[in-house]
Amino acid sequence: MTVLYKANLVRGAEWATFFAERAPDMPFRLWPDVGDPTEVRYLVAWVPPDDIAATFPNLELVFSVGAGVDQFDITKLPLHVPLVRMLDPGITETMVEYVTMAVLALHRDLLHFIVQQKQQVWREIRITPARRRRVGVMGLGQLGQTVLERLKAFGFPLSGWNRSPREIEGVTCYAGADALPKFLAQSDILVCLLPLTDETRGILNADLFARLPRGAALVNVGRGPHLIEADFLAALDSGALSGAVLDVTDPEPLPAGHPFWSHPRILLTPHNASMTSPDSGVDFVLEIIARHRRGEALPGLVDRTRGY
Ligand code: NDP
Ligand code: OXD
């Protein structure tokens, strides 16, 4: 009944401590120390090992250690092995902090002030009231909804766009591809919190940027491949976009000399917007294992056809 963890090893050591406390009878191993592969029933991974099914023939459940699952090839998992993504309050709280920071940084012209400070320029910029800065969030799932709830406190007019219809008090919600242009036309700051799927890959492209109000700003906390780099850089050059906060890139890490590193209109962070807390992550995994054993529904279960 071994649980095998394959992700950041420093945090893995914390997972091991919490597992030993909360499930002392359940062997917990850190990759690459897999022990007897036939004993591995549960795999918790960020980047999954190759050929999971053949390597671990008695696997019962696979967990993504994060909220996203695009790093898994679900088609390679046997049908009887569910893939479950992390539903962890630690991820949500840290994402709310990050998006709030990014939206406020763009709203309050931080990118300009960083440049001005480097040049020793003391020049004020007129403040735009929050009620005149419209914020739009793409993806109204667990993260997008909570982010919008918390952004309400600042007074931004808020809207959201999603695959299926949503109703969120105080947020104008749009659904489906047909509604995308209307949503974009009123997003002065656009936040991408979509999962990466065949439908959403490359969604942040020239056509989308052209539909935003001129000089809009972008926050990408989804995945790097959501963004078409050449279109994005052209939109920054032309002034269609005024700036961006990017937490995700393609590839990661970003190679030396990549234009994003030094672009004055880009604030870059190393895929660090949010992080699973080992404490609550262990609780979630144990809860799902218990539910699975009882044959109950699994929160966070990835839908194989939708891909998220
Ligand atoms: P959820 O699965 O809870 O939400 C995803 C939302 O996106 C759903 O509401 C879904 O719609 C919507 N969606 C999916 N496909 C489309 C589409 N084609 N068009 C419009 N809407 C669509 O995921 P989370 O909110 O937990 O996480 C979202 C993503 O955030 C993750 O997949 C990951 O990529 C990223 N992430 C990034 C992190 C970082 O550190 N940078 C950390 C954590 C997550 P519907 O309601 O119809 O299903
Ligand atoms: C996640 C991430 O998906 O950190 O949780 O990107």
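Predicted model: local features only at pLDDT ≥ 70, side-chain atom pairs only at ≥ 80, totals over all residues.

Trainee: Let's move on to β7. Is β7 largely enclosed or open?

Mentor: It's largely enclosed by the rest of the structure, because 5 of the 5 residues of β7 are buried. Buried here means under 20% relative accessible area.

Trainee: Which residues sit on which face of β7?

Mentor: Leu158, Gly160 and Asn162 are on one side, with Ser159 and Trp161 on the other. Both faces are covered.

Trainee: Which residue stands opposite Gly160?

Mentor: That's Val137. β6 and β7 pair in the parallel sense, over 4 bridges.

Trainee: Now ligand 1. Which residues come nearest to it?

Mentor: Of the 30 residues around ligand 1, the nearest are Arg85, Asn162, Ser164, Arg166 and Tyr308. By type, the shell divides into 13 nonpolar, 10 polar and 7 charged residues.

Trainee: Where does ligand 1 lie relative to the domains?

Mentor: Ligand 1 lies between domain 1 (2–88 + 276–294) and domain 2 (90–268), because both give residues to the shell around it.

Trainee: What about polar atoms close to ligand 1? Which distances do you have for Asp247?

Mentor: An N or O atom in the side chain of Asp247 is 2.9 Å from a nitrogen atom of ligand 1. A nitrogen atom of ligand 1 also has a backbone N or O atom of Val221 at 3.1 Å. For Leu140, a polar backbone atom is 3.4 Å from an oxygen atom of the ligand.

Trainee: How much of ligand 1 does the protein bury?

Mentor: The protein buries 93% of the 940 Å² that ligand 1 exposes when taken alone. The elements giving two or more residues to its shell are α3 (89–107), α5 (142–151) and β7 (158–162).

Trainee: And what surrounds ligand 2?

Mentor: Trp46, Gly66, Ala67, Gly68, Arg223, His271 and Ser274 do. They divide into 2 nonpolar, 4 polar and 1 charged.

Trainee: Which atom of Ala67 lies 2.6 Å from an oxygen atom of ligand 2?

Mentor: A backbone N or O atom. Gly68 also has a backbone N or O atom 2.7 Å from an oxygen atom of ligand 2. With Arg223, a polar side-chain atom lies 2.7 Å from an oxygen atom of the ligand. The protein covers 84% of the 210 Å² of accessible area that ligand 2 has on its own.

Trainee: Last one: where is Val121?

Mentor: Val121 is in the loop between α4 (110–118) and β6 (135–138). Its relative accessible area is 29%, so Val121 is partly exposed. From Gly35, Val121 is 86 residues away in sequence and 60 Å away in space, C-alpha to C-alpha.

How values were computed:
Residues numbered from 1 in each chain as written. Chains lettered and ligands numbered in written order. Heavy atoms only, no water. Near = heavy atom within 4 Å. Polar contact = N/O pair within 3.5 Å; in protein donor to acceptor, adjacent residues only side chain to side chain. Areas by Shrake-Rupley, 256 points an atom, 1.4 Å probe, with all protein chains shown as cover. Nonpolar A, V, L, I, M, F, W, Y, C, P; charged D, E, K, R; others polar. Domains from an automatic or database assignment. Buried < 20%, exposed > 50% of the residue type's maximum accessible area, 1.4 Å probe, protein only. Pairing = 2+ DSSP bridges.
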